[in-house]
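Trainee: I'm new to this one. Could you take me through a close look at the place where the two chains meet?

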Amino acid sequence: MTAEVAPQPHSSAHDESEGYLTHERGLKSWLFTLDHKRIGLMYLGSVLAAFLLGGIMALLVRTELLFPGETLMEADTYNQVFTLHGAIMVFLFIIPSVPAALGNFFLPIMLGTKDVAFPKLNLGSFYIYVLGTIFTLIAIIVGHVDTGWTFYTPYSARADSSVIWMTMGVFILGFSSILTGVNFIATVHKMRAPGLHWKRLPLFIWGIYATSIIQVLATPVLAITLFLLTMEKTLTVGIFDPALGGDPVLFQHFFWFYSHPAVYIMILPGMAVVNEVIATFSQRKIFGYMFVAMSSISLALLGFLVWGHHMFTAGMSEYATMVFSALTFLVAIPSGVKVFNWVATLYQGSISFASPMLYSLGFLALFTIGGLTGLFLGILSVDIHLHDTYFVVAHFHYVMVGGTVFGFISGLHYWWPKMTGKMYNETLAKIAFWFVFIGFNVTFFSQFIMGSQGMPRRYYDYLDQFQPLHMASSGGAYILGVGFLIMLFMFIKSLMSGEKAPPNPWASAGYEWLTTTPVHPHNFAEPPVMTRGPYDYHLCTEEELWDGFPEDFEKQAEKA
Amino acid sequence: MNETLPEGTLQLPPQWSTIAPEVDAMYYFIYWVSVVFTIAIFGAMVWFMWKYRRRPGVKSKQPGHATALEITWTFAPLILLVILFHEGFTGYVKGAVAPEDSLEVRVRGMQWNWEFEHRGGVIDDLNYLRVPVNTPVRLVMSSSDVLHSFFIPTMRVKRDVVPGMYSTLWFEATHRTPDITCESDEQCPEAMWCGKVPPGGTERKCSLPIFCTEYCGAPTGITASAFSEGGRNTNHSTMMGDLAVVTMEEYDAFIEEGPPPPPECESADDPAACWGENLHSNYCVACHSVDGVAQAPAPNWKGLYGNQRQFADGSSATADENYIRQSILQPQSQIVQGYSNVNMPPFRFSDRQLDAIIAYMRSLNE
């Protein structure tokens with residue numbers, strides 16, 4: 001051990017202007033950058049724009065549903081709006097949110113390396129994402145896409161030709177996802193800093209690594225499916241459309257063979273962020289580290305075996321249904337392991353309730369509800385009643401928004417000082433949190449009751465008996481919207497006039513906090529050597545856990 | 001009918017079928033399991049959050065090894081999950097396998113309507129399903145266009161309706177739907193809605209709603225909601241039907257006589273022709289006009305009766321009662337010259353309905 005160089009906290013900040021944001025200037029230095037941090041920020045800007053667009057769609061949907069009958073738009077317009085809400089949120093926002101934006105930025109830093117394994121491929125992935133987004137936007141602007149984000153045949157096979165633009169967009173976005181996955185897997189295997197063996201790997205990396213495996217294995221199936229759909233539409237080759245001799249249920253199998261694993265592409269990164277945040281704000285190693293890491297891997301693998309549970313009413317054989325139901329329950333095991341371990345991490349910690357931690361604790365609460373309501377849907381006899389009702393809508397929003405989006409937002413708050421070099425207004429952040437948390441629960445908890453009472457999803461119009469609950473749900477959506485607007489204001493204010501951030505404002509033992517703020521263009525002035533794990537608070541020096549500026553620490557040390 | 005109707009709970013609609021109590025028992029079992037887990041997890045969270053909140057001078061402790069604990073909470077839930085799976089699956093099988101003596105009803109889904117055909121080829125009014133009480137009923141369903149899904153919340157049954165294949169479901173209703181006339185949903189008992197005017201009736205009645213739960217689209221440019229207007233449905237969210245549970249005697253009488261004529265025709269000069277006109281405007285008007293001006297897509301009815309028909313294969317026949325009957329029941333058997341590209345679907349009308357259509361056609365010649 002003596003030969004190893006200990007991590008040099010906040011060392012070598014020779015020149016503050018040398019941060020990655022300012023060492024090169026001009027538009028070209030961004031558009032052609034190979035720096036994973038800049039690419040991460042470009043992704044972050046794109047996914048936040050997509051989130052805003054998808055959010056506006058969501059508010060349009062909820063406003064239309066305030067009252068039965070026509071409130072704001074025609075049935076046909078409504079169908080397009082909810083389709084776009086789903087497609088934009090899934091393909092343009094949630095899937096790339098944590099891995100492509102936060103993952104790109106922090107994966108190499110947390111591995112103690114200079115960049116990802118293939119920096120040019122990384123930039124290429126971003127432009128493929130942009131190209132896919134352009135196709136999708138064309139479909140939105142010129143077209144008439146009203147198939148739902150699932151593109152179920154034969155409806156989609158007969159719908160307007162702009163569905164082709166949309167599916168091409170999603171097809172292209174898939175390649176971005178695959179290439180990012182390949183890049184991350186290679187980076188994790190090959191680029192870890194000396195001393196960073198697998199048992200020290202930050203759980204964020206474990207989560208992103210598991211996600212990458214799914215991206216690489218599952219996304220091609222989506223590409224093939226959408227390609228076949230396009231072939232059917234343009235060349236009338238009968239694959240899914242029974243009018244041409246195809247099988248519509250086959251499409252569902254193909255689609256969910258990707259899209260169920262995609263659920264784990266979405267949730268695993270959210271969980272990955274929560275690990276880091278809970279550890280930091282409890283000042284404690286994640287309880288059962290290896291079990292949590294392995295639960296990510298087992299979720300990734302199990303995720304491939306349960307796609308049939310989206311099709312319990314679709315007309316599969318009873319035997320297939322039985323097997324899918326049994327496998328679905330197995331997913332509860334690794335999910336439960338994670339929740340139990342996170343709660344156990346709080347035990348004997350030193351818990352701070354800063355805004356990132358509030359979102360992660362929110363994640364824990366909402367994911368618990370989202371996960372347990374998943375059991376209702378796994379039970380075959382109960383699923384028959386609940387399938388395709390608002391119960392399902394509420395369930396997956398608890399997992400996707402309460403889980404992934406809360407995880408993403410938590411990570412955004414947590415790493416904001418490291419990414420931008422600025423602090424934000426903590427009071428505003430906490431106000432925004434309460435709006436988001438309460439608004440979310442009002443919006444979606446009412447949908448559980450609506451759904452179990454029999455309100456089907458994707459309905460433009462509904463029976464009077466559901467009106468009070470719909471109104472509550474829409475009211476919650478407005479509260480949620482206000483919360484996000486406060487957050488947006490808070491972040492913009494931070495960029496304009498935020499205080500300068502110290503290198504490690506949360507006193508974290510995580511590797512990414514060892515480097516300077518703003519981050520050195522090569523991440524670390526000198527390649528680090530890891531002599532402890534990323535959660536080993538008991539092995540950290542006081543200097544490493546100093547949450548102020550390094551010069552103040554020196555002054556304080558001199559005083560003492 | 002003063003029979004007490006089943007009541008729902010905050011979470012679930014009233015139980016109208018024999019399998020509903022079992023499904024609900026399962027629902028509440030997992031509900032209470034979830035409540036216990038939620039309280040345990042939230043309780044531990046809140047307790048730890050309070051007890052271990054950050055205080056000056058108090059440091060966090062690092063966890064040691066707790067492999068036994070990890071293994072316990074990894075594998076102990078398996079027992080519960082096996083129970084959940086087993087109970088759910090046995091319930092599902094019960095719902096999937098219809099009793100042997102089930103009465104069959106054929107269901108055809110189409111954008112955005114349901115058609116119900118009873119034994120003997122009796123087709124009821126569009127979007128109107130009547131079934132006998134205390135009798136297992138098996139629905140054999142197909143779709144003529146896109147995916148639909150047939151859902152009756154009060155019966156706890158749902159099944160996708162898929163083009164190119166048959167799917168089935170069954171249920172046994174435990175109560176007769178009460179005869180309540182209505183103008184709005186509020187006047188109806190729990191979980192019922194103010195449905196359409198039943199065949200042969202004059203006023204709207206409360207019925208159990210049937211939903212479509214697989215997204216099936218909307219036409220471009222339809223503005224009005226067709227909820228309270230009766231008649232044809234206009235999009236996925238209005239693809240609803242009325243379920244009326246009747247007694248076996250009422251059901252048998254319906255099968256015997258077929259759907260009754262519309263009541264406004266009873267006082268008409270020619271009740272049969274009036275009924276025929278009504279059927280034409282419901283089923284045929286989209287393709288067949290009656291104004292004597294010949295145009296596509298299908299032959300004009302004015303002057304058709306008694307006319308000489310030239311067929312695409314060169315043969316010919318006089319348009320008499322038998323010709324018309326066959327053309328409705330088996331449209332592809334005789335294709336009139338010039339209409340080879342038209343694919344008229346077969347319509348399974350009852351004998352009385354066929355008579356009415358023929359009477360209407362004859363009246364057009366007068």
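Mentor: Let's settle one term before we start: contact here means heavy atoms within 4.5 Å. Keep in mind, too, that this is a predicted model. By that contact rule, 94 residues of chain A touch 85 residues of chain B.

Now for the area. The size of an interface is often given as the accessible area lost when the parts come together. For chain A and chain B, about 7,700 Å² is buried between them, and carbon and sulfur atoms give 68% of that. Who does the touching on the chain A side? Helices that each supply at least two residues there include H3 (75–110), H8 (248–282), H11 (355–378) and H14 (426–452) of chain A. H10(A) gives the largest share of that side, with 16 residues.

What about polar links? The rule finds 23 residue pairs in polar contact across this interface, both residues at pLDDT 80 or more.

In chain B, Asp252(B) pairs with Arg119(B) at 3.4 Å. That pair links distant parts of the chain, 133 residues apart, with Asp252(B) in helix H3 (residues 248–257) of chain B and Arg119(B) in a loop between strands E2 and E3. Chain B also holds a network of salt bridges linking Arg176(B), Asp179(B), Lys205(B) and Glu250(B).

Methods: Residues are numbered from 1 along each chain as its sequence is written. Chains are lettered from A and ligands numbered from 1 in the order in which they are written. This is a predicted model: local features need pLDDT of at least 70, side-chain atom pairs count only at pLDDT 80 or more; totals for chains, interfaces and linings use all residues. Side-chain values use heavy atoms; hydrogens and water are left out. Buried area is the accessible area (1.4 Å probe) that two parts lose on being put together, summed over both. A polar contact is a pair of N or O atoms within 3.5 Å; within protein, one must be able to donate a hydrogen and the other to accept it, and residues adjacent in sequence count only if both atoms are side-chain atoms. Helices (H or I, at least four residues) and strands (E, at least two) are DSSP runs, numbered from the N terminus. A salt bridge is a side-chain nitrogen of Lys or Arg within 4 Å of a carboxyl oxygen of Asp or Glu.
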